[in-house]
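Okay, thanks for coming, everyone.

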Amino acid sequence: MIKFRKMHPVLIMPRFYSGEKCTGSECEDISWHGTALNEPGWEKDDGCLAALINGVFGKYNGYEGDCDFYMLFNTSGEDRIFSLPESPSGREWHISINTGETDGRDIFIENVGPPAGRETITVKSRSLIVLTA
């Protein structure tokens, strides 16, 4: 996990996300979602939350940018289906981390994990998935 974090500038930035559009992109640096897109469900406590991080935000202090991230959290006791957004870069989502999987299929350091699909993904109970594109 430490190696994965250090490989990605957007995860170690010395500045905070603002929710504003990134320079050179039509998308915000970060946006919040729930199981449905654009519905983070701040007013309900269903145990599900997702965050989309635009890789363009990584263009800072000599970094050339990063891949896009979609992080899905399910703290509920049931498996949940999350809708998937299009990545800001337009690239296909791949699973990089899935704590609901067995050892050897849970972390893919070099962003070469299995494709995530295009429309939805199931996040097992009490687990998280990190997608990269």
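Let's start with β5, where four of the five residues are buried, so this strand is largely enclosed by the rest of the structure. Buried here means under 20% relative accessible area, exposed is over 50%, and partly exposed is in between, with a 1.4 Å probe and protein chains only. Strands are DSSP runs of E, at least two residues, numbered from the N terminus.

Before I go on: this is a predicted model, so local features need pLDDT of at least 70 and side-chain atom pairs count only at pLDDT 80 or more, while totals for chains, interfaces and linings use all residues. Residues are numbered from 1 along each chain as its sequence is written, and side-chain values use heavy atoms, with hydrogens and water left out.

Back to the strand. What does β5 pair with? β7, running antiparallel, through four bridges; strands pair if DSSP finds at least two bridges between them. Isoleucine 97, for one, has valine 130 in β7 as its bridge partner.

Now the inside. The largest nonpolar core has 15 residues, and Tyr70, Leu72, Ile121 and Leu131 touch the most other members. By nonpolar core I mean buried Ala, Val, Leu, Ile, Met, Phe, Trp, Tyr and Cys residues joined through side-chain atoms within 4.5 Å. β2, β3, β6 and β7 each give two or more residues to this core, and β2 gives the most, with three. Apart from that lies another core of 10 residues, including Phe4 and Ile97.

Next, leucine 84, in the loop between β4 and β5. Buried or exposed? Leucine 84 has a relative accessible area of 6%, so it's buried. Leucine 84 is in contact (heavy atoms within 4.5 Å) with Tyr70, Ile121 and Leu131, among others. Leucine 131 is 47 residues away along the chain, with 9.9 Å between the C-alpha atoms.

Aspartate 68 is buried but has no salt bridge, and the nearest side chain of opposite charge, arginine 91, is 4.4 Å away. A salt bridge needs a side-chain nitrogen of Lys or Arg within 4 Å of a carboxyl oxygen of Asp or Glu. As for charges, Lys and Arg count as positive and Asp and Glu as negative; His and the chain ends aren't counted.

How values were computed: Lists of a residue's contacts leave out its neighbours within four places in sequence.
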